[in-house]
Amino acid sequence: MYARLRAIVTAGCIAAATLGLASSAAALEAGLPVGTKAPVLVLEGLDGSRLDLASVIGKKPVVLEFWATWCPLCRKLEPSLAAARAAFGGEVLFIGVGVPQNQTPERQAAYVAQQRMTGSYVFDRDGAAYKAFKATHTSYVVVIDALGVVVYTGVGAEQDIVAAVRQALPGARAGR
């Protein structure tokens, strides 16, 4: 019995380690496929306003991050997002999509203010964006070019958001 329990625990540890490695990988095999048109829907701002993604997607590059205040990978990803905001803030719209699990818009707004985070923040109250963008986890990032095409998806703390955003900028295919 103990040998079987040890085997189950070992298998669980291997699976957890494998998932941990996969969650830190920059590119995904799951999620919204690169090259597809980004979905558009209306989301609730943390302040109760409404953001219609159709009004921004296809106008300029957009970066979406699905996040939560309790997500350690999201916290580790914040410096990479901040660097991308600093580098491309005028050219690219950054939107944090707060997931509703164990969250409220008020809790997320307080966290954004406390951490002095910049960009736009919305709350995915019913999970519609999570489903539409085929998010696999918090820390899931989708980069969309100015034509509304997904050019990058990734998950985990080790993503190079600056490099991902460069893929969405005009001239990216020409080696910009």
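Start your tour by selecting Lys134, which sits in the loop between α4 (128-132) and β6 (140-144). Helices here are DSSP runs of H or I with at least four residues, strands are DSSP runs of E with at least two, and both are numbered from the N terminus. Lys134 is not a glycine, yet its phi is positive, at about 55 degrees. In general, most residues other than glycine have a negative phi. Buried means under 20% relative accessible area, exposed means over 50%, and partly exposed lies in between (1.4 Å probe, protein chains only).

A word on what you are viewing: this is a predicted model, in which local features need pLDDT of at least 70 and side-chain atom pairs count only at pLDDT 80 or more, while totals for chains, interfaces and linings use all residues. Residues are numbered from 1 along each chain as its sequence is written, and side-chain values use heavy atoms, leaving out hydrogens and water.

Next, select Asn102, in the loop between β4 (93-98) and α3 (105-115). Asn102 has a positive phi too, near 55 degrees. Its relative accessibility is 61%, so Asn102 counts as exposed.

Now move along to α3 and colour Pro105, Gln108, Tyr111 and Val112, which are buried. Looking down the axis of α3, you will find its buried residues within an arc of 125 degrees, so they line one face of the helix. That arc is taken from the directions from the helix axis to the C-beta atoms. Turn to the other side of α3 for Glu106, Ala113 and Gln114, which are exposed. What covers the buried residues of α3? The cover includes β1 (42-45), β3 (62-67), α2 (72-88), β4 and β5 (120-123). After α3 comes Arg116, with a positive phi near 55 degrees.

Select β4 next: 6 of its 6 residues are buried. Leu93, Ile95 and Val97 point one way, while Phe94, Gly96 and Gly98 point the other way. In a regular strand, the side chains alternate between the two faces of the sheet.

β3 and β4 run parallel and are joined by 6 bridges; strands count as paired if DSSP finds at least two bridges between them. Look for Val63 opposite Phe94 in β4. From β3 the chain crosses through α2 to β4 in a right-handed β-α-β crossover. Right-handed means that, with the strands pointing away from the viewer, the path from the first strand over the helix to the second runs clockwise. β4 also pairs with β5 in the parallel sense, over 4 bridges, and Gly98 stands opposite Phe123 in β5. Together, β4, α3 and β5 make a right-handed β-α-β unit.

Finish in the largest nonpolar core, which has 36 residues. Such a core is a set of buried Ala, Val, Leu, Ile, Met, Phe, Trp, Tyr and Cys residues joined through side-chain atoms within 4.5 Å. Which residues have the most contacts inside this core? They are Leu53, Leu64, Phe66, Ile95, Phe133 and Ile144. β3 gives the most to this core, with 4 residues. Apart from this core lies another, of 17 residues, including Val63, Leu77, Tyr152 and Leu169.

Definitions and conventions. Contact = heavy atoms within 4.5 Å.
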